Amino acid sequence: MSVVSDAVGSADAAGEATRAGDADGPVLEAEGLRKYFSQSDGIVDRILGAGGTVKAVDGVDLDLHAGETLAVVGESGCGKSTLGQTLLNLHEPTGGTVRYRGEDITGLTGRDMRPYRANLQMIFQDPLASLNPRQTVGDILAAPMKVHGIGDSDEDRRDRVRDLLERVGLEARHIDRYPAQFSGGQQQRVGIARALAVEPDVIVADEPVSALDVSVQAQILQLLQDLQAEFDLSLLFITHDLSVVRHVADRVAVMYLGEIVETAPTDELFETQHHPYSEALLSAVPRIDPAARGGRIVLEGNVPSPIDPPEGCRFHTRCHRVIPPDDWTGDQPAFRRAFTFRNRVESGDVDPGAARRRLKAEGEPTDDAAVADHVLDTSLPGSVEDLPPDAREAVETAAALVVDGDDDAAADRLGEALPSPCVDRVPRTVEPAPGRTAACHRTDPEAPAEPMTDG
């Protein structure tokens, strides 16, 4: 038996008892997990209500099973990294519950969390920033062993470190080198070795290859897979790169603006998607086979602020399948175009002053009617003539109100003319198929919407 494999025999008794618990349930699970960050910098900010609260993680339900790789995917800024760190109590949760093998570890810190630290480890995105530049690799890897009582002596721990270095593809003679003396890929291997030093049960890998060259990425991903099989690890793999997910993950959780909007086995998710955001993400994945390539779905607008997320479905401001009202007489693409204009007006993205300056520079009329027409031409995709009469009248009236400087009245007019259940109601999380979840009105049999597959 190697010194690394033997290390668990020296771990403290509390950690061993914890790891042996509830073998049939999830290894790590979250229920209604929330993490908010206050943006108020001082007393004055708090008194005036300035800054707001960033809802980085907002009501996440998640479970990770033994030996499984669960990928958490989504755009940058959606809360993936905060989720991973909150699961490990590196951030204190604002609300909800985290359980490790059935035991509630929500918000544990310091001494209370120590028995679990050996079982719950993390690999950080930036390997150099997460390694102490003043310590040698030997000191960095030996430190967690010493904290958790692994090894009989300093020399024994150095032997274990040498074995770890070889396990992750480095050389034992590198033990006295400093982090800056390694390449980026080698630094990440050191980060992996540090996570393995106490032979954990769960590893949260936060974008572990995003800062590396493509060739090095493949080596690190293969290393993680090999080590997972060898040590029977459960791996939470956080990434925004879907091109690697299919090769490393058993299941995928899709995250948007602090919420999990869909979960599915990896192969099934790549085959069919039950949430429009998942559909848009998968449409951007490169495919070698031309026959397998579909149309790229380009999302309109920017990701809303997590300080003030949209009401209802948080994705509705960018959704390409937003649901029309029951009395809509046009087609769904026409509603989506008009609804995009509504979102732009409500978010203040329509600038009539810029439109007037543009017309003046081009030698065109700059009266209010001309500016309103220009606003519609540039802010509403396609032609207003394709809209039903009531909708066309509403968007034309709203454009005139924006030019008059009455943005609130324009937003109200559009809200009345272009309602949607996606704005009015928060979607339930349902199971559209065995082993899958989705939070979308189009997948909910109780919601008044056509199935998403109907287009």
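Trainee: Is Gln85 buried or exposed, and why?

Mentor: Buried means under 20% relative accessible area, exposed over 50%, and partly exposed in between, with a 1.4 Å probe and protein chains only. Gln85 has 18% relative accessibility, so it counts as buried. Bear in mind that this is a predicted model, where local features need pLDDT of at least 70, side-chain atom pairs count only at pLDDT 80 or more, and totals for chains, interfaces and linings use all residues. Residues are numbered from 1 along each chain as its sequence is written, and side-chain values use heavy atoms, with hydrogens and water left out.

Trainee: Where is Gln85 placed, and which residues does Gln85 touch?

Mentor: Gln85 is in helix H3. Helices (H or I, at least four residues) and strands (E, at least two) are DSSP runs, numbered from the N terminus. Contact means heavy atoms within 4.5 Å. Not counting residues up to four places away in sequence, Gln85 touches Leu90, His91, Met122 and Asp206.

Trainee: And how many residues of helix H3 are buried?

Mentor: Seven of the eight in H3 (residues 80–87) are buried, so the helix is largely enclosed by the rest of the structure. The buried ones are Lys80, Thr82, Leu83, Gly84, Gln85, Thr86 and Leu87. H3 is followed by Asn89, which has a positive phi near 65°.

Trainee: Where are Glu199 and Glu207 found?

Mentor: Look in the loops. Glu199 is in the one between helix H7 (184–196) and strand E7 (202–206), while Glu207 is in the loop between E7 and helix H8 (214–231). Glu199 is buried, with a relative accessible area of 12%. Glu207 counts as buried too, at 6% relative accessibility.

Trainee: What does Val198 touch?

Mentor: Start with its place, which is in the loop between H7 and E7. Val198 is buried, with a relative accessible area of 3%. Leaving out residues up to four places away in sequence, Val198 touches Ala118, Gln121, Pro144, Met145, His148 and Ile150. Take Pro144: it is 54 residues from Val198 along the chain, yet their C-alpha atoms are separated by 6.8 Å.

Trainee: Which residue is 204 residues from Val54 along the chain, with its C-alpha atom 9.6 Å away?

Mentor: That's Gly258. You'll find Gly258 in the loop between strand E9 (251–256) and strand E10 (259–265). Gly258 counts as buried because its relative accessibility is 0%. Setting aside neighbours within four places in sequence, Gly258 is in contact with Lys55, Ala56, Val57, Asp58, Val60 and Cys78.

Trainee: How do I read the packing of helices H5 and H6?

Mentor: Use their axes, which are lines fitted to C-alpha atoms, for helices over the stretch in contact; angles run from 0 to 180 degrees between N-to-C directions. Here the axes of H5 (residues 137–147) and H6 (residues 154–167) come within 9 Å and cross at roughly 115°. On the H5 side, the contact is made by Val137, Gly138, Leu141, Ala142, Met145 and Lys146, and on the H6 side by Asp154, Arg157, Arg160, Val161, Leu164 and Leu165.

Trainee: How many of those are nonpolar, polar and charged?

Mentor: Ala, Val, Leu, Ile, Met, Phe, Trp, Tyr, Cys and Pro count as nonpolar, Asp, Glu, Lys and Arg as charged, and the others, Gly among them, as polar. By class, the H5 contact with H6 has seven nonpolar, one polar and four charged residues.

Trainee: What about the chain overall?

Mentor: The chain has 17 helices and twelve strands, and buried residues make up 50% of its 455 residues. Among contacts between residues at least 6 apart in sequence, 66% join residues at least 24 apart.
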